[in-house]
Structures are given as structure tokens and as C-alpha cells.
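Q: I would like to learn how to read features off a model. Can we take them one at a time?

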Amino acid sequence: MGFQQHGVAGHNVEVPVVDFAKWRTGSSREEKQKIASELANACQTVGFVYVINHLIPHDLLDDAFTWSRKLFNLKQEEKMLAPHPPGHVVHRGYSWPGLEKVSNSMGDENDPDLAKKLRQVSDIKESYEIGSDNYPDQPNVWLPDHVLPGFRDFMTGFYWKSWENAKMILKAMAIGIGLDDEDYFLRYHSGHENQLRLLHYPPVPAVENPNKEGEFIDAKPRQHAIVLNIGDLLQRWSNGKTFKGRAVARMRPFI
């Protein structure tokens with residue numbers, strides 16, 4: 001496991017880099033255990049990790065960013081042809097700047113007044129959310145084909161390729177936390193309930209210093225690496241013993 005290191009306020013913040021190059025069908029249990037342990041340790045101590053040599057080809061990632069830029073470079077009235085549905089149940093389609101509000105950030109769950117104020121602040125990002133076309137609870141909202149020809153076909157394929165990679169990571173996570181069955185988490189995931197979210201933020205890549213809440217450091221993008229961020233779910237699944245309840249390191253997304 002490597003690290004991308006930054007010095008902040010007297011602390012060295014190490015950003016773990018986990019290499020999955022040796023994780024292949026036929027890999028020995030020892031090789032898998034080493035990678036899995038590195039992944040679990042990164043999630044336990046920092047909360048997020050760069051994953052390299054994963055299953056998504058570099059050229060496919062490059063194409064995904066190209067399509068994302070094409071999407072967000074469309075005229076606003078064109079993007080609004082696939083609007084996010086009203087309400088908070090279905091999360092699909094295009095969300096314009098200001099639709100979402102800032103909330104649940106910087107520890108606001110223990111400060112109701114701060115949470116109320118943040119929910120009054122409009123978010124500056126725009127996004128587009130995609131999922132399985134065979135998941136009726138979250139029906140996709142696609143742009144008309146003539147607006148961005150090829151977008152739907154590419155993103156559908158990219159969604160399922162990303163799921164193949166997610167299955168590998170779920171297997172590694174199971175081994176890393178000490179489960180005998182590497183397929184344990186896969187029994188609870190079909191791939192249909194996932195979400196692919198394209199995001200367009202101002203260029204402010206940063207991560208919160210795990211040694212000092214509220215202080216951010218640069219988190220430089222690593223080409224073709226995947227940023228894995230741990231949230232609350234694994235903390236619940238491990239009964240609060242394995243993963244932190246909230247990622248210590250929070251990343252400001254970038255494109």
C-alpha cells in the first residue's frame with residue numbers, strides 16, 4: 001500500500017493507495033488477504049482510499065469523463081429535458097445548481113441550528129444520476145437521444161462495468177474485515193439498486209484533515225484511480241466495531 005502524503009498543521013496526512021493488480025481469478029488467498037487487509041485498514045483509519053489497477057480500463061474512464069463534459073457543456077435548456085423528478089424519493093436525471101441544499105456536513109448532526117442553516121444554503125454543483133433500466137423503484141430519466149447521441153448507450157455500459165469493479169471491492173472488503181466467505185456482501189447486492197452520479201463542481205479537490213476537523217488539505221487527483229469513500233452503512237453492518245460511523249476524510253469532488 002502506498003501513500004500520497006501532505007503536511008498539515010504539524011500532522012502528516014497519509015492518503016492510502018491500494019493496488020489491486022494482483023487481485024485476479026486464481027490469485028492465492030494470501031495475495032487477496034494482503035490487498036483486502038490494506039483496503040480495510042485504509043477505511044478504518046482514514047475513511048477513503050485511492051484504488052489503482054482496478055477492473056475499469058483506463059480508456060473507458062477517459063471516455064466517461066469526456067461524456068460527462070459533453071453533458072455539462074450542453075445548454076441549460078437542453079439539460080433540463082431530463083429533469084430530476086420532484087421530491088426526495090427518486091434520484092435520477094439532471095439536478096441543476098441550487099436544486100439541492102447543503103446539509104449533513106462538517107458534523108452538523110450534533111448541531112440542529114447549524115443543520116437548519118445549511119439546509120437553507122443552495123448547493124453549487126450540478127449532477128446527473130443514472131441507474132439500472134430494470135429497477136422500477138428508481139426509473140431513469142434520459143435525455144432525448146438527439147440531444148446527446150450515444151450518451152445513453154455509453155453510460156449504460158459504463159454503469160455495469162463499474163458494477164463488476166464494485167463486486168471485486170465488496171469481496172475484498174469481506175475478506176479484509178475477517179469474513180470467511182468473500183461473497184458475503186454480494187448476496188445482498190444485485191447491481192440494480194446502485195447509482196452512477198455524474199458531478200460538476202468548481203475545481204476544489206480537497207480532503208478534510210483527519211487530525212483536525214474542519215481543516216482541509218489538497219487531495220490531488222490520481223489519473224485513472226478510483227476514490228473509495230466509506231460512509232455509514234459498513235459501520236452499521238459491522239455493529240460499530242469495524243468502520244467509523246462517518247468517513248473521517250471527506251473529499252470535495254472534482255471533474
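Q: Which backbone oxygen does the side chain of R92 reach at 3.4 Å?
A: The side chain of R92 reaches the backbone oxygen of N194. A polar contact is a pair of N or O atoms within 3.5 Å; within protein, one must be able to donate a hydrogen and the other to accept it, and residues adjacent in sequence count only if both atoms are side-chain atoms. A polar atom of the R92 side chain also lies 3.3 Å from the backbone oxygen of Q138.

Q: What should I know about the model and its numbering?
A: The model is predicted: local features need pLDDT of at least 70, side-chain atom pairs count only at pLDDT 80 or more, and totals for chains, interfaces and linings use all residues. Residues are numbered from 1 along each chain as its sequence is written, and side-chain values use heavy atoms, with hydrogens and water left out.

Q: Where does R92 lie, and which side chain of opposite charge is nearest?
A: R92 lies in the loop between α3 (76-79) and β4 (93-95). Helices (H or I, at least four residues) and strands (E, at least two) are DSSP runs, numbered from the N terminus. R92 is buried yet has no salt bridge. The nearest side chain of opposite charge is E129, 5.6 Å away. Buried means under 20% relative accessible area, exposed over 50%, partly exposed in between (1.4 Å probe, protein chains only). For charge, Lys and Arg count as positive and Asp and Glu as negative; His and the chain ends are not counted.

Q: Which residue meets E129 in a salt bridge?
A: Side chains of opposite charge can pair when their charged atoms come close. A salt bridge is a side-chain nitrogen of Lys or Arg within 4 Å of a carboxyl oxygen of Asp or Glu. Here R197 and E129 meet in one (3.4 Å, N to O). R197 lies in strand β6 and E129 in strand β5 (residues 126-130), so the pair ties together parts 68 residues apart in sequence. R197 is partly exposed at 29% relative accessibility, whereas E129 is buried at 2%.

Q: How many salt bridges are found in the whole structure?
A: A search of the whole structure finds nine. One of them joins K32 and E182, with the closest N and O atoms 3.5 Å apart. That pair links distant parts of the chain: K32 is in helix α1, E182 in the loop between α5 and β6, 150 residues apart. Both K32 and E182 are buried.

Q: Which other partner does E182 have, at 3.9 Å?
A: E182 forms a salt bridge with K171, and 3.9 Å separates the closest N and O atoms. K171 lies in helix α5 and E182 in the loop between α5 and β6, so the pair ties together parts eleven residues apart in sequence. E182 counts as buried because its relative accessibility is 16%. K171, at 24%, is partly exposed. A network of salt bridges links K32, K171, E182 and D183.

Q: How do I read strand β9: which residues are covered and which uncovered?
A: In a regular strand the side chains alternate between the two faces of the sheet. In β9, I226 and L228 make the covered face, V227 and N229 the uncovered one.

Q: Which strand pairs with β9, and in what sense?
A: Two strands pair if DSSP finds at least two bridges between them. β3 and β9 (residues 226-229) pair in the antiparallel sense over four bridges. V227 in β9 is the bridge partner of Y50. Strand β3 (residues 48-52) is mostly covered, with four of its five residues buried.
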